[in-house]
Amino acid sequence: MNGDWFLSWISGAILYAAPLLYPTVGEVLGQRTGMVNLGLEGLMLLGASTSFALSVRLGNPWVAVFLGAGVGLLANLIYAFLVVKRNASQLATGLALMFFGLGVSALLGKPYVGQMAAALPKYPLLGPRSLLFRYDLLVYVAFLLAALAWVFLFRTRWGLQLRAVGENPAHAYAAGISPARVRLAAACVVGFLAGLGGAQLALGVTQTWSEGMTAGRGFIAIALVIFSRWNPLRAIVGAILFGGAVVLQLQLQARGIGISPFFLDMFPYVLTLFVLLLWGRGVRHTAPASLGRVYFGTEERGG
Amino acid sequence: MDKNRLAAGSFRLLLHVVLIVGVFALFLWANGKDPIQAVRDTVRINLLQWRGLWGVMVRMAPLLLTALAAAFPFRAGLINVGGEGQFFLGALLGTWAALNVPGLPQWITVPIVLLAGAVGGGLWGWIPGLLRARGWVNETISTLLLNYLAPLIVGYFVFGPWRAPELAIYPQTPEFPDVARLPALGTTRLHVGFFIGLLFLFAYWFFIHKTRWGLEMRSVGGNPEASRRLGVPVSRWVVLAMVLGGAMAGLAGIAEVAAVHYRLKLAISPGYGFMGFLVNWLAGSNPVGIVLMSFVVALIASGGFTLQITQRIPYAAVNVLLALILFVVLAKPASGILAKSLARRWKA
């Protein structure tokens, strides 16, 4: 009995980790180029609502998921344009993007509240009879992606260039790398993965749409980036930890334990804060040096 | 020469406004609404009628204070994105005071209630301030996370121990006694909270520019290392700036509850905390700019509610319009000081 409970907990933790892992891995890459994006929450919501609406309309969850991710990418081009081309404040741009995603997703998703969408098909990990560890393909891909992102960042030439831009754009520029181009490419990846995370949440995990359904996952992803110290492999640990917190809270609620559901709902956020607290010291030395700073370019602009 | 530049600047500003309204109109049209009627309704109801204008000012009240919630920490080099959570915790503690004061006259009760609200918000600012001062957690991320905790705490009390027995359907507290309500101006809806906001804007300006403490706080924001070597207690200012900011947002929260809703419930904020952050950023932390930008944002929010009724446009459209405006402002090179330059023109 107890073993069963533990297995279902692990099984759920992995399921809830996946939609968080996508934006976290994306944001690791983005922040490695020196960009903080507080708009992840908005991008996830956009991905979730568009993919859900499309899945209801088209009946094909795969097309819906990828179009949802594409919408995330398109929306993040606004961020990329403002931050890279116009040197706008990253924090303000990110928050504006959050409002944008919040509003647009609510408007788009309004007719689909309470509807059923074609969900992503599940593939059991432990043979066809087991009810546990049944995931859609995107869950498996999420973990694979985190590993690939690690290889990309730390074992390829492109990854090195990307990190160089994040550490010191002027030096990278001197070495023949275009910081603007690297950041634009990274922003596309951030948008696509955040949208994909939202889409997977809507079509693979909750299988419903409601306004603001990501419930702060975009912000938690940013916290996990700090927790993971800008390392995609450690992001897996963070995502599973958060997923485990969510599932534990759901299980306790289902068992009718005498704690208010409001307090149980707090658990994932408190855990995230607590984990950051324990890991927070010394983080500053691992953070990309140019994180959050505006890069004005090295050449003199006409004045 | 300078006059030419001013003219060019005004022209560009006008162009931007037209651009934003155009994009938004297109967006409404795509959603099957009548954009021209929408703009006409917004202007007619919210600007050309006294009642509507008072309504806009009622919405300005929380924005003035939540903008200050970002402004105080900003001067100390901190990013407080937690106005939303501090707003809720202020409302919570203020409500506790309002429902538990023994029969005192209004002129004592109201300050007690407001003070409790400020303490609640200040507490919610103190946590990230302390975490930052010790170098443990960055205040941007901790305030964002605390935003999600505060409404859950309010939810616990509103659904649980404080739930009004007479209205079983709606989870909300009993009504505030008359002595705990903020008085309004004459027969209008404009309440004292608006003037408290203006008062604190003045106090903010005085504190930052005319006192030694303000100078110390700004020096912490400018160069913490140099300040430390000159003997400025840097971490104490970091904590204090966050507490002051939190207190402002808490005050906004309890003022909103005690003057508009008269009872605590979950639906007390359409995102006032976040909006205040953006108001402060648009205004470049300048007090006059905060008043101007609060007015603009309050007008947009009021317009959103108007359109919800007249055209059945969901309130979420307001967030889209707000975001579009911000995008256009951000796209201006050297952006963010739009209101500051407006304020300068105002003085000239």
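Visitor: At what angle do helix 3 of chain B and helix 12 of chain B pack?

Guide: Helix 3 of chain B covers residues 50-75, helix 12 of chain B covers residues 287-310, and their axes lie 8 Å apart. This is a predicted model, and in it the two helices pack at an angle of about 130°.

Visitor: Which word describes how helix 3 of chain B and helix 12 of chain B lie to each other?

Guide: An angle over 145 degrees would count as roughly antiparallel, and 65 to 115 degrees as roughly perpendicular. The angle between helix 3 of chain B and helix 12 of chain B is about 130°, and therefore the word for this pair is oblique.

Visitor: How many nonpolar, polar and charged residues does the contact of helix 3 of chain B with helix 12 of chain B have?

Guide: The crossing of helix 3 of chain B and helix 12 of chain B is right-handed. The residues that make the contact include B:Gly55, B:Arg59 and B:Leu63 of helix 3 of chain B, together with B:Ile290, B:Ser294 and B:Phe295 of helix 12 of chain B. Sorted by class, the contact of these two helices has twelve nonpolar residues, three polar residues and one charged residue.

Visitor: How many helices and strands make up the secondary structure of chain B?

Guide: Read from the N terminus on, the elements of chain B run α-α-α-α-α-α-α-α-α-α-α-α-α-α. The secondary structure of chain B therefore comes to 14 helices and zero strands.

Visitor: What is the radius of gyration of chain B?

Guide: Along its principal axes, the C-alpha trace of chain B spans about 60 × 60 × 35 Å. For 348 residues the globule rule gives 20 Å, and chain B comes close to this, so it is as compact as a globular protein of that length, with a radius of gyration of 21 Å.

Visitor: What radius of gyration does chain A have?

Guide: The C-alpha atoms of chain A fill a box of roughly 70 × 45 × 35 Å, taken along the principal axes. A compact globule with 303 residues would have a radius of gyration near 19 Å, and the value for chain A agrees with this, because it is 19 Å.

Visitor: Which helix of chain B gives the most to the side of chain B that touches chain A?

Guide: In all, 34 residues of chain B are in contact with 36 residues of chain A. Helix 6 (139-159), helix 11 (272-282) and helix 13 (316-331) of chain B each supply at least two residues of the side that touches chain A. With ten residues, the helix of chain B that gives the most to this side is helix 13.

Visitor: How many nonpolar, polar and charged residues are in the contact of helix 4 of chain A with helix 13 of chain B?

Guide: The crossing of helix 4 of chain A and helix 13 of chain B is left-handed. Among the residues that make the contact are A:Phe99, A:Phe100 and A:Gly103 of helix 4 of chain A, along with B:Asn319, B:Leu326 and B:Phe327 of helix 13 of chain B. The residues of this contact divide into 16 nonpolar, three polar and no charged.

Visitor: Is A:Met44 buried or exposed?

Guide: A:Met44 is found in helix 2 (residues 40-58) of chain A, and the residues it touches include A:Pro23, A:Ala194 and A:Thr214. A residue needs 20 or more other C-beta atoms within 10 Å to be given this label, and because A:Met44 has 35 C-beta neighbours inside 10 Å, it counts as buried.

Visitor: What is the phi of A:Gln207?

Guide: Most residues other than glycine have a negative phi. A:Gln207, which lies in the loop between helix 8 (179-206) and helix 9 (217-227) of chain A, is not a glycine and yet has a positive phi of about 60°.

Definitions and conventions
Residues numbered from 1 in each chain as written. Chains lettered and ligands numbered in written order. Predicted model: local features only at pLDDT ≥ 70, side-chain atom pairs only at ≥ 80, totals over all residues. Rg over C-alpha atoms; globule rule 2.2 N^0.38 Å. Axes fitted to C-alpha atoms, helices over the stretch in contact; angles between N-to-C directions. Helix = DSSP H or I, 4+ residues; strand = E, 2+ residues; numbered from the N terminus. Parallel < 35°, antiparallel > 145°, perpendicular 65-115°, else oblique. Left-handed = near helix turned anticlockwise from the far one by under 90°. Contact = placed C-beta atoms within 7 Å. Nonpolar A, V, L, I, M, F, W, Y, C, P; charged D, E, K, R; others polar. Buried ≥ 20, exposed ≤ 12 C-beta atoms within 10 Å, placed from the backbone. Lists of a residue's contacts leave out its neighbours within four places in sequence.
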